[in-house]
Amino acid sequence: MSTAASEKIPVTVLTGYLGAGKTTLLNRILSENHGKKYAVIVNEFGEIGIDNDLVIGADEEVFEMNNGCICCTVRGDLVRILEGLMKRKGKFDAIILETTGLADPAPVAQTFFVDEDVQAAARLDAIVTVADAKWLSERLKDAPEAKNQIAFADVIVLNKTDLVSKAELAEVEARIRGINPYAKLVRSERCNVALSDVLGRNAFDLDRILDLEPEFLEAGDDHDHHHDHGHGDDHDHGHDHDHDHDHGGLKHYHDEEVQSVSLRTSDPLDPNKFMTWLQDLIARDGMNILRSKGILSFKDDDERYVFQGVHMMLEGDHQREWRDDEPRESRVVFIGRDLPEEAIREGFATCVAA
Amino acid sequence: MSTFDPRPEAASIASVTDRVVPVKLAQPAFAVHFLGDAVAFVGSVESVMLAGAGETSGETSVVAAHGGGILCTASDGRRLVTGGDDGKVVILDAAGNAETVAADVKRRWIDNVALQSDGAVAWSAGKTATVQSGRQEAKSFDTQSTAGGLAFAPKGLRLAIAHYNGVTLWFPNMAAKPEVLEWKGSHHAVTFSGDNRFLVTAMHEPALHGWRLVDSKHMRMTGYPGRVRSMAWTAGGKFLATSGADTIILWPFASKDGPMGKEPMMLAPMKSRVSAVACHPRQEILAAGYEDGTILMVRIADGAEILVRRNAGDAVTALAFGPKGTRLAFASEGGEAGLLDL
């Protein structure tokens with residue numbers, strides 16, 4: 001009964017704190033002339049005036065799985081809705097799920113890992129988080145949900161950029177990067193983004209983990225923080241003296257609570273050591289690890305191994321042979337809360353094959 | 001395996017595949033119900049396909065029922081009730097008369113339906129379960145979380161509503177507080193034993209959970225490789241037959257303790273999972289459909305098998321015996337269907 005990945009219905013999850021502009025983005029997607037038909041899952045009917053007969057109300061019911069792990073949750077309503085939507089298979093091309101501003105993206109993502117029937121019929125395409133350029137910095141201080149949504153994102157639409165100064169924009173982008181340096185960041189005004197930036201991302205596809213995220217390839221400690229517009233350009237605008245120049249030095253926000261740890265080595269890894277280490281780490285810190293992903297070069301193995309995970313749920317597989325033109329190296333990223341960075345680095349180092 | 005491969009000891013397995021009359025369906029059906037001697041094949045979208053009582057050539061007539069996907073069905077042997085993603089609850093009879101009994105004002109999906117033989121109909125949309133009995137005004141009840149399954153008790157007007165973390169037993173005509181049977185996890189389909197002594201749910205995880213109603217004692221029925229989607233009580237209610245494994249799993253319910261501390265009986269092992277089960281109404285015989293398309297009839301006493309459909313087909317989605325036990329109907333994922341006169 002397995003369905004090829006390409007036949008599975010792609011699901012895009014739209015998240016973002018209250019008022020960031022999710023509905024604006026949703027309406028933009030639906031009104032664009034793209035020739036596609038979307039089934040739309042929203043939290044409340046009537047809140048938005050979408051002309052679409054496949055708008056379904058979701059109640060955001062989160063169910064704990066019975067494995068005793070409190071972070072392993074799924075969205076029960078989503079399981080039910082996707083099953084029901086499959087009866088209308090062929091009547092739509094993709095599903096867009098708009099979550100409420102306070103929703104935790106983890107149970108949504110995990111539903112696609114855990115549920116056998118959901119896995120057979122649908123695939124998570126990407127988590128798209130809409131962030132309010134004006135207010136995100138504030139929300140990151142007082143709303144854990146906002147932080148989670150940034151941490152989980154594959155694509156961050158930084159909206160309302162017209163309402164902030166360049167300095168403010170640089171600041172909010174730096175804050176986002178402090179939490180999640182790996183998401184694709186798109187600036188927008190009234191969510192005027194190209195649809196290709198938010199749909200058809202295949203961000204949860206093991207085959208495409210890296211193709212989509214060039215940042216990931218460069219994920220050292222000194223990767224590009226998207227400050228290109230915030231600095232060089234500014235100095236040419238002699239007239240622009242209104243904004244303060246305190247970003248003159250590259251300002252690195254390191255969110256003290258949610259941050260990422262990236263690891264890399266060009267030494268081949270011992271698969272047994274690595275898997276044991278990863279399982280242990282996930283079992284111990286999985287609650288705090290929001291997302292993880294990696295591409296691995298194992299000793300005596302000509303194929304790249306890729307994995308990705310949400311909390312304690314991981315999936316991984318051999319992807320393809322290493323190409324001659326690419327460095328055989330392993331890169332792993334964890335995004336999470338209060339991660340024991342030193343211990344993770346030390347543990348990873350012990351996974352190198354003898 | 002590309003063709004049915006009988007085990008060596010069953011070299012002479014009986015086959016009735018040549019006696020199956022193929023039924024022409026307008027679309028794949030996910031449920032099959034006998035309405036008297038007529039057969040209703042419920043399609044995924046909009047319509048029900050009816051094979052009349054005297055139908056022997058496999059022709060069906062299409063009855064429009066919903067303006068969208070059909071999400072759930074139930075039958076009492078005379079009537080068929082369906083719930084759709086158009087928010088409607090529709091009742092059909094063997095003559096093909098369809099009547100809309102309810103339409104959700106917010107056009108919410110009708111997730112579950114149930115019928116009681118003395119006329120009551122129940123449905124649920126989200127957390128709200130509603131019962132309509134005779135000419136009385138419909139009564140509604142909100143559970144703590146979305147209803148995953150509905151079933152009427154064999155006697156009295158009592159509705160079991162399965163939901164997250166348990167089942168609520170609601171008496172629509174009584175002021176009494178509903179009784180809640182708790183068990184952690186997400187509960188879907190729910191069924192009463194015919195003698196009203198046991199209640200069983202199929203869970204989101206691959207397991208069943210049961211309660212003995214007299215004392216709410218728990219029965220855990222686990223060990224399935226996949227989720228249980230099809231459950232049926234054998235004639236006389238001695239066993240609950242289930243899908244979800246690569247054999248038919250039959251839990252014993254004849255004793256007062258039900259399956260507590262007992263192993264289930266396992267019949268008709270195959271290299272494919274059972275996707276649908278149906279029990280003969282009078283004899284201890286049942287039919288099982290598999291994900292590889294095979295359909296077997298199996299005698300519980302000795303496990304003797306008769307082949308009804310070869311495995312070259314697609315997954316079996318639904319099976320039903322007629323009221324007298326002289327007819328078997330089935331449908332498959334790809335839209336094949338058949339009738340067998342026994």
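Visitor: Over how many bridges do strand β21 and strand β22 of chain B pair?
Guide: This is a predicted model, and that applies to each answer here. In it, β21 covers residues 239-242 of chain B and β22 covers residues 248-252. The two strands pair in the antiparallel sense, and the number of bridges is 4.

Visitor: Which residue in β22(B) is the bridge partner of B:Phe239?
Guide: B:Phe239 falls within β21, residues 239-242 of chain B. Its bridge partner in β22(B) is B:Pro252.

Visitor: Which strands stand at the edges of the open sheet of chain B?
Guide: The sheet has 4 strands in the order β20-β21-β22-β23, with antiparallel pairing. An edge strand has a single partner, so one side of it is left without a neighbour in the sheet. In chain B the strands in that position are β20 (231-233) and β23 (265-267).

Visitor: By how many degrees are neighbouring strands of this sheet turned against each other on average?
Guide: The strands concerned are neighbours in the order β20-β21-β22-β23 of chain B. With direction ignored, the average is 25 degrees.

Visitor: Which strands of chain A pair on one side only?
Guide: Chain A has an open sheet of 7 strands with parallel pairing. Their order is β3-β2-β6-β1-β7-β8-β9. The strands at its edges are β3 (55-57) and β9 (184-187).

Visitor: At what angle does helix α3 of chain A run to β7(A)?
Guide: Helix α3 takes in residues 105-114 of chain A. The helix lies across β1, β6 and β7 (122-132) of that chain. Its angle to β7(A) is about 165 degrees.

Visitor: Which strands of chain A does helix α7 touch?
Guide: Helix α7 (residues 166-179) of chain A packs on the sheet. Its direction makes about 160 degrees with that of β9(A). The strands touched are β8 (155-159) and β9.

Visitor: Which three residues supply 27% of the area that chain B buries against chain A?
Guide: In this interface 32 residues of chain B are in contact with 23 residues of chain A. The two chains bury about 2,200 Å² between them, 48% of it on carbon and sulfur atoms. The three that supply more of chain B's share than any other three are B:Trp109, B:Tyr164 and B:His204.

Visitor: Which residue of chain B meets A:Glu116 in a salt bridge?
Guide: The rule finds 8 salt bridges across the interface of chain B and chain A. At 3.1 Å, N to O, the pair with A:Glu116 lies within the 4 Å cut-off. The partner is B:Arg273.

Visitor: Which strand supplies the largest share of the side of chain B that touches chain A?
Guide: β6 (61-75) and β16 (179-192) of chain B each supply at least two residues of that side. The largest share is 5 residues, and the strand it comes from is β6(B).

Methods
Residues are numbered from 1 along each chain as its sequence is written. Chains are lettered from A and ligands numbered from 1 in the order in which they are written. This is a predicted model: local features need pLDDT of at least 70, side-chain atom pairs count only at pLDDT 80 or more; totals for chains, interfaces and linings use all residues. Side-chain values use heavy atoms; hydrogens and water are left out. Two strands pair if DSSP finds at least two bridges between them. Axes are lines fitted to C-alpha atoms, for helices over the stretch in contact, and angles run from 0 to 180 degrees between N-to-C directions. Contact means heavy atoms within 4.5 Å. Buried area is the accessible area (1.4 Å probe) that two parts lose on being put together, summed over both. A salt bridge is a side-chain nitrogen of Lys or Arg within 4 Å of a carboxyl oxygen of Asp or Glu.
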